[in-house]
Amino acid sequence: MKEVHHKADEHHGAHEKTYKYGMVVDLDKCTGCGACMVACMAENNLSFRKDNSDRLRSNLWMRVYKISNGRPFPDTDISFIPRPCQHCEGEGHHHTPCVSVCPATATDYSHETGIVSQVYTRCFGCRYCMAACPYHVRVFNWWDPTWPKGMEKYLNPDVSVRMRGVVEKCSFCYHRYQRAKNKAYAEGRRELHEDEYQTACTQACPAGAITFGDLKNPEHKVHKLKKSRYAFRLLEKLGTNPKIYYVSTRDWGRKAGEVYAGEEPKGVTHVTHA
Amino acid sequence: MKLDRRTFIELAVGFSAGAGGGFMLTPVNWKLMDDMTIWSQELWPRYQLGGLKGRLPQQGKVTHADSVCNLCPGGCGITVRKVGDRATKIEGREGYPVNDGGICPLGAAGLQLLYGPWRIPSPLKRIGKRGSGNFEKISWDEAINKVVQKLGNLRQKGQSHTVACILGSDEGTVPRLFDRFLAAYGSPNFIRTASAEDTYELALGLMQGTTGSVGYDLERANFILSFGSGLIEGWGSPVRVIQAHSTWRSGDLKDRATVVQIEPRLSNTAAKADNWYPINPGTEAALALGLAHVIIKESLYNVDFIGKHTFGFEDWSDSSGKTYMGFKRLVRTEYTPEAVSKITGLPAKKILTLARAFAKAKRPVAVWGRGKGTVSGSLYECMAVHALNALTGNINKPGGVSARPQVATRSWPEVERDATAWSGSRRPRIDGAGSNRYPLTRYLPDRWSQVMNGGKAGAIQALLVHGADPYYTTLDSAAVAKAFEAIPFVVSFSTCLDETAYHADLILPNHHYLERWEDIPTPVGLQKPILGMLKPVVSPQFDTRHAGDVLMTIAKSMGGSVASAFPWDDYETLLKETMGDNWGTLEKAGYIVNEGYKPSAWSKAFGTPSGKFEFYITAFDQAGVKIGKDVGYLPHYEPVQPEGNPATYPLILIPTELMRLADGAVGNPPFCTKTLEETELKKNDLFVEVNPKTAADYGLSEGHHAMLETAKGKAKVLVHLFEGIMPGVIGIPKGLGHAAYDDYLAGKGVSANSLIGVVEDPVTGLSAAWGVRAKLTRV
Amino acid sequence: MSTTEEKEQTVAENEQEKGGDEQAAEVAPVKPGTWRFLIPIAAFALGFMSHFSLGWVILPPILYAEKQQPIDFSHKLHVDEVGDCEGCHYFREDGSFSGIPELENCAECHEEAMGEDPEEAKLITEYIEPGKEIPWLIYARQPQCVFFSHAAHVKMGEMDCAICHGPIGDSDHVRPYQYNRLTKYSRDIWGWNIAGLSKNGWAYLKQADNSGEIKIEHAARMKMDDCAECHMEKRGVHEACFVCHK
């Protein structure tokens, strides 16, 4: 047994390699079809209700916003912004907004993966994180989730079913990371290939608008894509250092995402308040 | 010793202290605290996760099963992730020739339809009033006997022709089985529900002399001119077109394809397009001809193709010396940019620029079929758009349009009809298709109800519906409801409780598409022949049966020549036999694609009387179509007037189609309804889009309730101000307004089909309606 | 005299009577008070002892209910036949762990009876023939909020199965499955020592088997603390909750 432990110890340090998982979303390709939203709901056991039309109460981890340039007919233009959790890294004296306010350490920033976690068994539902998140990615379970009889059969055993009274959000399909790790381990690897770990929305997107990978790894597609001259991040001014990059050749679209913190852009047709 | 007060206190305090101390020194109190925490978090009755206790998802062996999606005519390949025997996720199938890994929201929500409460658990017999939703479970034997008896009686009475079948498709073994059943039974009334295919097939047949559906080589096109097609909103095979759209959007900006959208409303397609040209609704044909004018005038057309392979471009004369006007003269005289500008509202300069850009592009393609292509549309409009493809020599070329065949399957033995079958099949069709008036048209799905309501109430004595929801999808809902009321016996083969099933007398539930075998012919709009195979991914969840088997059982129970028309043991045997040598591949790989397929060369491509592409349709005379005027033989603009008096109904209502809202035979699953914007649905109220200017004229602002009224009906709606819609036009999303299904869909919004009626195309009889006149008043 | 006064008088008289009785009973010459201090001590001792034993002896078994496994299975016999754990408890291609074998694994050998054991006959008649999965009770099942990777521990960490599961391969019989009445968790999660002091979840097995000493240094219970302790020790970092929680 001693020997076993020695062997294990040898590996210690070998797996200290860190990743910075993130996304680049090509808004020119995004058609607003909503496949990412549905794939996310199906993958992550999101519940639904008979009336989901109230966005304040509706739980969506991935939400596609529709924004408009606000100009009158026929110069109107619209664009879509798929918005998962931005998995903010924070920089300098800025921290991941939700993590820094959570009194229960129910949410944490992982320096190994760059993923902001949400642990439902720790969360007691104070909703500070919701107030802190500038992207409205966090949703509160106002009700216990219900499924019509028989429908629980499609639930994914890799993702917990959340109870009433806790906050939930996008996890970058962390269970898929774990699944991929499992496979790698079984094959005696520690490194994951780019295509081994992809989020459900990335996989589903019929337009191929979402690219997911390790932002630090030059071999991953996101590494190059995020350097596009048309790339931007949402509310960059806040210093949240989010890991979702957007690419849009529409000037007004980039502007709407970038300068929100400074000045309200005109024509955001879909706001989160009722 | 007496237990006095002091002793009592001494005893009590001493004992308590001892008990407390003693207990504190045991592990049980800490253990209990831990247990209580777990209990309160996970098992406290208030937190039992919606009654999920004991039903929480269990781990198991993960497997993946490939099949094909059957929720729309898109025919995408899917991979179902299974844990144990549960299907837990539907994903796009990597490498599938239609969708290569992509999936649409409806396809991704397919498991909600598999496991949902809207499934029909067993054969049902209606017990209450029709439409009350009261059904009683019956056995399969009883259910099948009921059909056999009813159909047997009708046949005996010589009324076999009063039986009709409505299906969503006429290709593939199951629709063909229904067709065969009617042939053997003795009825001409096989009806396919409406789609843009109805008209496009006719247009191709007339102009190119081909059979088969249209195929667009979108991936290789580099200039896409869409006449109102919702390219990224469900038109064609949705995922495939969205992927083509991404191809257009890839690479350096200067190398990217150009997309131009012609549509009165800023749809998603219009928003994503490089140019959006809003034109007056219903004037698409005029614009197409205006573009043709510029292309011809500036000699930008493909001289080789037009010169050698077309007929009727120039004026021509027949053997008697009579001169006929060619397409060129018509377009040159009638459709100048100025004239077209007046009709369409688009500045003449823009028409010029667009025409030049289109004609000069390397591989331009003009695309037709409004929205998702769920309505038939106008024949001349389709021909006018298709003429643009001809002008650019874009027929049967890479990046172009072709009439695409199906993967060949083995034919079935001829039906040996008895006398009843012969006489029944020769009777005129209920919908009038193929009659002297509409000799070309095969099905008139929006017309049968009008015919019945127009004094032939007894025309259908029994109706079998499979793979379609005509009660919901047919235009003019009130007329359809009335016609249904007059049919004494309606049988639905639906898997889910859709509108038609809800109003049926008998439901014989088919297996869900993840529970059955069935061949899926080439998806709509694809340029190469593909045959996909539905495979059972999970075992049947309810007491359902394959519609093919049920129909064969019915036929066999009827005996005689009806029975002998079905010599197969069961559906699976038939399927294997029909697929022939392909069966092995289909069973293993799940699909067959003819990758090497190339459309014929121009010299051999056209089966028209002239052997060429015909601008002037000679087939009209051959078929006996009555064309009043010379111009009627050519693609031309003939306004399709929206129903309603402009004085009473000053506005124009057009249906809009959303990718997130299924509006066909499949009801929107809860996941998709959840994705609807808060400016599309609020509680149970549907929003209509109105331009702020128009809204101001009627004193309406954002979120106001309003009464929307047309000649066909009225409904209370909410107003959403949208700068992207043309003033004077109202947009209403299609897909809501269900009464069937259940609380997740029923009662939400209104059905656009209840407000829009049929406007018959003069040549085809199909509905050419693109909208309706309407009135909007504040309430 | 008012009614109130009357009452007061009666009460006083009664008290006198009582006092009289007491004095009459106390014939013994023991001075009152010399033993009195024993009363609270005795009461304390009684309370202490009763609750101490309640907590250590009486309650623990009550906290758990017991179920028998559907079939009395001999691991020892099978390990001898198959050779190692991996023959039945294997990693799937996707890296997930099969856990308890499915019926088809059993049927590979037991399609027909190999011996005359009544338990084997039960396996064949009750499960294999009707094709019904055996409802094994899983000693090591974690709650649904936990993600556990066998691959990470066994393949990468190279930990022996017995470190967590004990020397179950040496057992001739399956032990009863005990579960907490309140939480419904298997007793192995908390561990068989009610104090949570034992380092393993399989002490019971050792006793029942009496198969001699088994040297496993770092056997663990299966509570979160146990995971955390080892992770802290081996990986030297305070792990994020998300590594195990889902």
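Let's start with V537(B), which sits in the loop between β21 (530-534) and α21 (547-558) of chain B. Keep in mind that this is a predicted model. V537(B) is buried, because 23 other C-beta atoms lie within 10 Å, and 20 or more count as buried. Leaving aside residues up to four places away in sequence, V537(B) touches A65(B), S67(B), V80(B), A87(B) and L514(B). As for Y513(B), 24 residues apart from V537(B) along the chain, the two C-alpha atoms are separated by 8.8 Å.

Elsewhere in chain B there's an open sheet of four strands, paired in parallel in the order β11-β10-β9-β15. β11 (275-277) and β15 (364-367) of chain B stand at the edges with a single partner strand each, so one side of each has no neighbour in the sheet. On average, neighbouring strands here are turned by 15° against each other, direction ignored. Four bridges tie β9(B) (residues 223-227) to β15(B), and the two run parallel. Across that pairing, L225(B) stands opposite A366(B) in β15(B). Helix α14 (residues 348-360) of chain B packs on the sheet, touching β9, β10 (258-262), β11 and β15 of chain B. The direction of α14(B) makes about 130° with that of β9(B).

Now for the two chains together: 56 residues of chain A are in contact with 63 residues of chain B. On the chain A side, α2 (35-43), β3 (78-83) and α6 (200-204) each supply at least two residues. α2(A) gives the most, with seven residues. Here's how the chain A side divides by residue type:

| Type on the chain A side | Count |
|---|---|
| nonpolar | 25 residues |
| polar | 17 residues |

Key: Residues numbered from 1 in each chain as written. Chains lettered and ligands numbered in written order. Predicted model: local features only at pLDDT ≥ 70, side-chain atom pairs only at ≥ 80, totals over all residues. Contact = placed C-beta atoms within 7 Å. Nonpolar A, V, L, I, M, F, W, Y, C, P; charged D, E, K, R; others polar. Buried ≥ 20, exposed ≤ 12 C-beta atoms within 10 Å, placed from the backbone. Pairing = 2+ DSSP bridges. Axes fitted to C-alpha atoms, helices over the stretch in contact; angles between N-to-C directions.
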